[in-house]
Amino acid sequence: MNGTKGEKKMITAIRTLLALAAALLLAATPAAAQRDRPPADPPRPAHILAAADLRPGLDLGGAWHWSIDPYRDGVAGFHGEPAGRGHRRFEDVVVAEAEAADPHALFEYDMARSPLVDLPSSWITHDPTLRHYDGLVWYQRRFDAAPRPGRRAFLRFGAVDYAAAVYLNGELVGRHQGGFTPFAFEVTGRLRDGGNVVTVAADAERSAFTIPPPVTDWETYGGITRSVRLVEVPATYVDDAWVRLTRDGRLAVTVRLDGAAAAGAPVRLLIPALGFALDGRTGADGSWSAEAPAPTGLERWQPGRPTLYDVEIAAGEDVLRDRIGFRTVSVEGERILLNGRPVFLRGVSLHEEEIGAEPTRATTPASARALLTEARDGLHANFVRLAHYPHSEVMTRAADELGLLVWSEIPVYWRIAFDSPETLAAARLMLAENILRDRNRASIILWSVGNETPVSAPRTRFLARLAADVRAHDPSRLVTAALLNRREERDGRVEMVIDDPLVPDLDVMAVNTYNGWYSRDPLSALPGFVWRSDHAKPLILSEFGADALAGFRDPGRMPRYSEDYQAEYYRQTLAMADRIPFLAGLSPWILKDFRSPRRQHPVYQRGWNRKGLISETGVRKLAFAVLAEHYRRRAQGEGE
Ligand code: GCU
């Protein structure tokens, strides 16, 4: 824009004043008023490929070459220009042949002669030098595919931590950010009959603007940590399908087709075991929604009787198949209702980390069942908090099968850039990817939008927007967040006050509390703590715990880090919890010791957070029996 110097100054001044006025208006507007605005349509990924893990396809797990690239030489040259030949790891070239053909060719990589590793797996177990690496690693493998005419092909990833760039036969097919949710890139027409080469740039680096930020209390398991599959579907296929029981007991279905024949297409919902069929036709936008009375004989899913049905959604040549349980969850005053009946959540928290001395965060059905049966059968639990990020679909399917209720969350954790539009966009998309992947999982009853985030107006607006997105994507479940409470002391009495400004946006309050571990309170004082909230909502104590090194016993002195201290901490904290009238559940921190770079006590921790009720190799500590007995008695009292 041209203009004299004075005019330019005037324009700048006006812009500054306008920006200031807007900021003041926004800041002045109470967060609640901000929240009354209906959210813009929540974001959706380009392709959902619902139940892709059950679709027939080519499993591209197994042997991949890997090449470390800490200075991102494969991305940009020494002045920042795009990487040149001889540096582009993703290039569709056989380096040995290129070198033989041109003695002057200079390559400073060769994927085909780089070491091999078995995927999925994080890279911290590829090689001891990668134990604490948080940078870029290139992966590559070759595969044959016989693309069938008239069908569409997708490369589908269960997750890549933290960011991924995917190349097929030397061409970029897509990029994804977020280490814990699935993504799919269409490669129709780009596959060769033989010798395709897929390359993935997996980059674990995070920033103040990512979800999560760089500082967390868990290990960064960088890399391709979940399945990679080539999935083929008809030209028009069922991209999204959601089948659930409504709170008034009707069966509801939402389907979205993708493809040239998506509009005005006949679709059918089938539940063969119930002899149930519902026919419809998609609208101009390719979607169909319908409701019908629930079929007679439908058994509701619940812990102890996790009934799952084979469900089919047929549309033209495509049939999407899933295994779905039907139940309802709601809140009534200070209680959580499952299928209309009050339920107390006897839970425990878990990270996504398999039992064993060298976990690599590659969840298998066996490793998922090992953790979940330890919770269900060992602790008499009916609930698990899958912290602090969306766990593998293998885990949520296992929870469906084993009958455990689930709290699912995205890693909006601690110090997030709450005033960054890019960070909000990343969080909203991650939330959508999580919900749209798992909203057919009966086990999931709670979507959480944050963990221990410092209270501020931008933070509350940010989380309120996420809570509104949850309701837009899935009004059938409950919204929560793990909050911190205030502590007040009056007349020698300790009061724990829950008055976080986000609570009005939540269905269920949740608080992480560590009195007696992160405070100097004597454990004997804990039962005397009084919990207070002005909100008549259910409360979950979403975390409490104490470190203990398995095998460290000292019943006489009960020093910190001893199993004896941890067991007494649980006894006293549970006695405190029993006195909270609006308590609806517990998910103590945590089932299993887990890797955390923040925990470096040379005697007790050595890079492990020791709050587990079992050690990293599965050895039960004294506190395990304390919680198990507490839950057994609760279950007995509830006639379970
Ligand atoms: C916090 C946090 C956890 C952490 C735990 C601890 O509450 O949510 O991620 O591991 O405390 O201090 O052990």
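Which side chain does the side chain of aspartate 69 make a polar contact with? Keep that in mind while you look around; the reply is in point 2.

1. First, some ground rules. This is a predicted model, where local features need pLDDT of at least 70, side-chain atom pairs count only at pLDDT 80 or more, and totals for chains, interfaces and linings use all residues. Residues are numbered from 1 along each chain as its sequence is written, and side-chain values use heavy atoms, with hydrogens and water left out.

2. Start with aspartate 69, found in the loop between β2 and α3. Its side chain makes a polar contact with the side chain of tryptophan 138, at 2.8 Å. (A polar contact is a pair of N or O atoms within 3.5 Å; within protein, one must be able to donate a hydrogen and the other to accept it, and residues adjacent in sequence count only if both atoms are side-chain atoms.) The side chain of aspartate 69 also reaches the backbone nitrogen of aspartate 73, at 2.7 Å.

3. Tryptophan 138 has a ring partner too: with phenylalanine 90 it forms a tilted aromatic pair, 6.1 Å centre to centre with 35 degrees between the planes. (Rings of Phe, Tyr and Trp, the last by its six-membered ring, pair if their centres lie within 6.5 Å; planes under 30 degrees apart are stacked, over 60 edge-to-face, and the rest tilted.) Phenylalanine 90 lies in the loop between β2 (62–68) and α3 (95–101) and tryptophan 138 in strand β4 (residues 136–143), so the pair ties together parts that are 48 residues apart in sequence. (Helices, H or I with at least four residues, and strands, E with at least two, are DSSP runs numbered from the N terminus.)

4. The whole structure has 22 aromatic pairs. Have a look as well at the aromatic cluster formed by Phe180, Trp218, Tyr389, Tyr413 and Trp414.

5. Arginine 560 lies over the face of tryptophan 517, at 4.9 Å from the ring centre. The charged end of arginine 634 sits over the ring of phenylalanine 344, 3.6 Å from its centre. (For this, NZ of Lys or CZ of Arg must be within 6 Å of the ring centre and within 35 degrees of the ring normal.)

6. Now the ligand. An oxygen atom of the ligand is 2.4 Å from an N or O atom in the side chain of glutamate 452.
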